[in-house]
Amino acid sequence: MGQTKRRSVIKLAGSAAAVASTGMAGILATGRTPAYAQTKTVHWLRWVDFVPASDTLMRKELMPQAEKDLGIKINFETVNGNDLQPRTTAAIQSGTGPDLIQAFNNTTYIYGNSVVDLSDLAEDLGKREGGIYKYARSICSDGKMFMSMPWAVIGAMIAYRKSWFDEVGATSFPKTWQEYRDVAKKLKANGHPVGQTLGHTFGDAPTFTYPYLWSWGGKEVEADGKTVAINSKETVESVKFMAGFWKDGCDEGALAWDDTNNNRAFLSQTISATLNGASIYIETLRKPDQYQTEKGTPMNKDILHSPLPAGPAGQYGMHLLQSDMLMKYSKNQDAAKEFLKWIHAEKNFEKWFVSQKGFATPCTAKWEEHKVWTEDPVMAPFKVAARLGQAPGYAGLPNGKAAEALSKYIVTDMYAKAVQGMPAEDAVKWAEGELKKIYSA
Amino acid sequence: MIEGALWRRWVFYNIPLALFVFVLLFPFYWMIITSFRPDGELYRPWNAVNYMPFWTNHPTLEHFRYLFEETDFGRWMVNTMFIAATSTLISLFCGVLAGYALARLNFPWAGSLGTLIFITYLVPQTLLFIPLAEIIRDFRLGDSPWSLILTYPTFLIPFCTWLMMGYFKAIPKELEECARIDGASRWKAMLYIVIPVAVPGILSSGIIAFTLSWNEFIYALVFLSSPQEKTVAVGVTSELIRGDVFFWGSLMAGALLGSVPVAIVYSFFVEHYVSGLTGSVKG
Amino acid sequence: MTVTALGTARVRRPSVRLRRLEDERWLALALLSPTAVLLGLFIAYPFAEGVLLSLSSAKVGDPGVFVGLKNFAKLADDNIFWTAVWNTFWYTGVTTVFKLGLGLWLAMLLNRHFRGKALVRAFILLPFIIPTVLSTFAWKWMFDPTFSVINWSLFHLGFIKARINWLGDPTLAMTSIMIVNIWRGVPFFAISLLAGLQTISPELNEAAAIDGARPWARFWYVTWPLLLPVTMVVMLFSVIQTFADFQLVYVMTGGGPANATHLFATYAYQIGIVSGLLSEGAAVSLAMFPFLFIIVVVQLLYIRRVETR
């Protein structure tokens with residue numbers, strides 16, 4: 001109540017001041033008129049794509065085509081991925097800004113109040129393209145509405161050196177954690193340990209620790225999203241195994257690595273495998289002369305990708321999921337919906353998907369069959385990224401509380417503590433306490 | 001000063017001074033060399049054999065071309081210039097009048113008002129921007145340069161007021177009194193006698209205000225959204241960084257060009273700038 | 001008669017307003033009103049709103065309800081917040097000491113006649129006037145782990161054997177940020193202190209020299225006390241700016257690695273704007289205010305004491 005009153009007071013003050021300063025209002029009015037007179041404009045905000053060719057395709061080909069087909073103007077803006085969230089917050093609070101904004105992961109839940117339901121569009125897409133993966137659904141839909149339109153997943157996979165794995169007799173990538181541990185032990189003995197961070201770093205730490213926890217059958221909370229369930233036999237098992245795995249097969253200096261350290265370590269040939277986006281491989285493709293193996297061959301011929309190994313409870317992954325939100329404040333919601341429909345039409349979306357060369361995996365099943373995946377076998381494992389994906393907060397919803405637990409690195413710290421020598425039971429108990437603080441609030 | 005032997009002069013003065021100048025100016029040299037370097041040379045690891053940090057044999061204008069052809073850099077410069085100039089003028093107008101009143105007029109609470117204006121300088125920007133975003137929405141200023149032109153004075157006015165107070169205090173009271181005896185009104189005495197004398201002070205507060213608004217980042221980052229409305233600092237940071245990859249060549253070219261206008265303004269008025277700084281110090 | 005009466009009336013009418021301005025209080029009111037309107041609308045009002053915000057449960061797109069001091073209680077239990085508090089003090093303290101020391105040294109070096117003095121003085125101010133974001137990018141590039149020119153130089157000068165991971169390691173990242181802040185601040189200190197030095201009459205120093213005082217003693221007993229008032233004011237401005245610093249950390253590390261380099265302002269931004277927890281972000285910002293306020297009041301009181309001495 002108090003809030004509403006204050007709001008109206010501001011409005012009153014606002015209009016009074018606007019009247020008082022007609023000079024300024026006049027300037028604004030003249031500055032604004034042309035904008036209203038124009039054809040409808042849809043402003044689409046996205047990250048600056050990791051694959052430059054895709055942005056060029058959007059700007060030079062897809063957007064002009066959409067403008068022609070739909071009779072609207074499209075303002076295509078790209079910003080540094082880190083600036084997406086600040087821009088979204090400011091846009092919502094100031095009530096102006098892009099009509100469509102790209103969201104990363106479960107940030108959709110943060111902005112759930114301020115977006116338009118896209119259920120009809122999303123369900124339609126799912127029907128056409130063989131169903132939306134559970135992962136994308138859990139992030140884009142809170143069960144009542146689609147807060148955003150699923151776009152694609154930027155997969156995280158283990159990049160590994162084929163020749164070094166061959167040397168220790170692993171001709172295909174280990175299927176289970178136990179096998180992986182055995183192989184890693186031999187690799188470390190050869191001077192090529194596995195590199196994995198357990199530090200407070202946004203990308204590479206949680207994309208490893210969460211799927212690892214799930215694959216052992218552990219989970220943060222029950223499906224009700226309230227009861228903290230981390231303190232289980234399965235979790236304790238996983239923590240114990242991690243401590244051993246670390247000692248046996250990992251580079252022990254990696255405990256506090258950030259997202260870029262493992263790229264450099266891999267490229268400078270100090271580690272044999274690491275969980276990462278496709279960026280290491282891309283880098284070696286881009287500069288084949290610079291990155292070579294110890295035998296003098298191009299490193300890009302010696303890199304393969306694999307999903308994380310399976311545990312007793314299955315095989316999982318956690319990736320960067322991108323989706324587009326249609327904002328409630330937008331004055332062009334109909335045009336924006338039309339545009340979303342257009343860009344998700346198979347023939348248009350395909351152009352973009354092909355330009356990504358496998359770095360992005362679409363959120364519907366149909367695309368697994370696409371020929372892109374057969375063109376570069378090294379990228380092929382990424383085709384199942386979205387299928388194996390699961391969202392943080394499992395078995396509950398990936399909502400704000402899940403995001404808070406993620407940003408506090410509770411799961412990651414639980415493993416890091418055990419690796420540093422804390423008994424597994426104590427580490428799990430500590431995590432339980434921290435999670436309870438969040439979920440009981 | 002008392003300096004003594006030649007070697008002492010070198011050890012105690014010339015060498016340390018040269019070191020200071022080197023360290024203070026090196027980053028600018030680094031900007032320049034980076035912006036002219038071709039990518040192939042730029043992305044050589046520091047421990048590569050052919051890493052050649054201080055010189056390039058293949059200077060290129062490629063990064064500048066990218067800046068002007070692939071981004072709205074020209075627009076950003078114009079925007080920043082317009083926003084900085086207008087908000088400086090507004091702040092000067094307010095600051096000069098307020099500074100005059102606080103320094104030369106007797107009225108109740110003059111002292112506490114001066115302190116109050118100083119305290120507004122302490123209010124953290126991060127606390128203000130959410131409420132400001134709502135004000136901007138209610139005034140319908142979102143995504144327009146006016147959202148910055150009207151908010152920048154919040155930190156420029158306290159600064160200008162304090163600087164001008166210092167200047168006005170330094171002008172002898174008699175000057176005004178003579179004019180008043182000759183029959184000039186208070187208003188006229190201020191406008192035609194005192195303010196002209198204070199022009200150097202006004203100039204230096206103006207230059208400082210201009211550099212401060214050119215420097216501003218948070219509000220510009222949060223309040224502007226369309227690519228063509230951005231300021232240099234925001235445009236360069238948000239569009240020349242791609243994932244984990246920085247376009248270092250263009251980034252440095254942008255930083256260099258983005259610094260030129262303030263550097264020019266300042267090189268013309270360096271004396272005023274220095275006296276402005278020291279004026280604020282004595283105020 | 002009527003004509004003249006009308007005439008005088010016409011002359012007088014505007015002067016009624018002007019006469020009112022003859023009263024100092026009215027004139028002051030008129031002169032202060034533009035400032036009052038702008039600062040009232042864009043600082044006082046948002047400040048009050050910000051305080052209310054910090055007492056609510058507002059999130060982005062959700063006005064929330066009044067929750068009292070709950071946000072502050074949550075902060076008291078937040079490790080990252082206390083890291084940010086500690087960092088802010090450490091950052092402000094260390095950089096201020098270095099800026100003062102180096103700035104004073106540079107001012108002394110400049111306070112004599114030599115060829116090209118004007119040029120040197122003009123050039124060394126550059127770090128201070130160039131937009132922080134842009135110059136910080138140059139530093140970030142110089143600190144880049146793979147392409148660092150600093151590492152190259154240190155290596156070839158024989159100081160290091162392996163790469164220094166400037167921005168990747170929590171302690172080193174903080175050090176790097178401090179280095180840039182000092183780099184940016186030293187010119188301001190130097191030029192202001194130089195102006196202070198130039199107001200000190202050389203005769204005082206010469207007289208002390210004739211009395212046999214060593215250079216160090218001359219500085220300590222003659223120059224420094226006279227320089228103290230200027231020094232204090234320079235420090236006041238520098239501390240305010242450093243304490244509320246945002247741009248430098250935002251560009252260099254964004255608060256990372258692992259939230260190790262957050263300051264008040266960047267953490268408030270992280271929580272309020274990035275994560276959309278508006279009320280908690282406001283609480284972090286507001287928590288900075290009393291700290292800053294106390295520091296400034298102490299400094300102001302000290303300045304007053306120094307000046308009246």
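How far apart do the C-alpha centres of domain 1 of chain C and domain 2 of chain C lie? In this predicted model, the two centres are 34 Å apart. The domain assignment places domain 1 of chain C at residues 15-54 and domain 2 of chain C at residues 73-308. Contact between them involves four residues of domain 1 of chain C and six residues of domain 2 of chain C. On the domain 1 side of that contact, two residues are nonpolar, two are polar and none is charged.

Chain C also carries annotation from a record. An unreviewed UniProt entry lists "transmembrane region" for residues 26-48, 89-110, 122-143, 149-166, 178-199, 219-240, 247-269 and 281-303 of chain C. Two of these spans can be followed in the model.

The remaining topic is the contact of chain C with chain B. Here 75 residues of chain C meet 73 residues of chain B. On the chain B side, helix 1 of chain B, residues 6-36, provides the largest share, with 12 residues. Sorted by class, the chain B side of this contact consists of 57 nonpolar residues, 15 polar residues and one charged residue.

Conventions: Residues are numbered from 1 along each chain as its sequence is written. Chains are lettered from A and ligands numbered from 1 in the order in which they are written. This is a predicted model: local features need pLDDT of at least 70, side-chain atom pairs count only at pLDDT 80 or more; totals for chains, interfaces and linings use all residues. Two residues are in contact if their C-beta atoms, placed from the backbone, lie within 7 Å. Helices (H or I, at least four residues) and strands (E, at least two) are DSSP runs, numbered from the N terminus. Ala, Val, Leu, Ile, Met, Phe, Trp, Tyr, Cys and Pro count as nonpolar, Asp, Glu, Lys and Arg as charged, and the others, Gly among them, as polar. Domain bounds come from an automatic or database domain assignment. UniProt positions are given in the numbering used here, feature names are shortened, and annotations may be inferred rather than shown by experiment.
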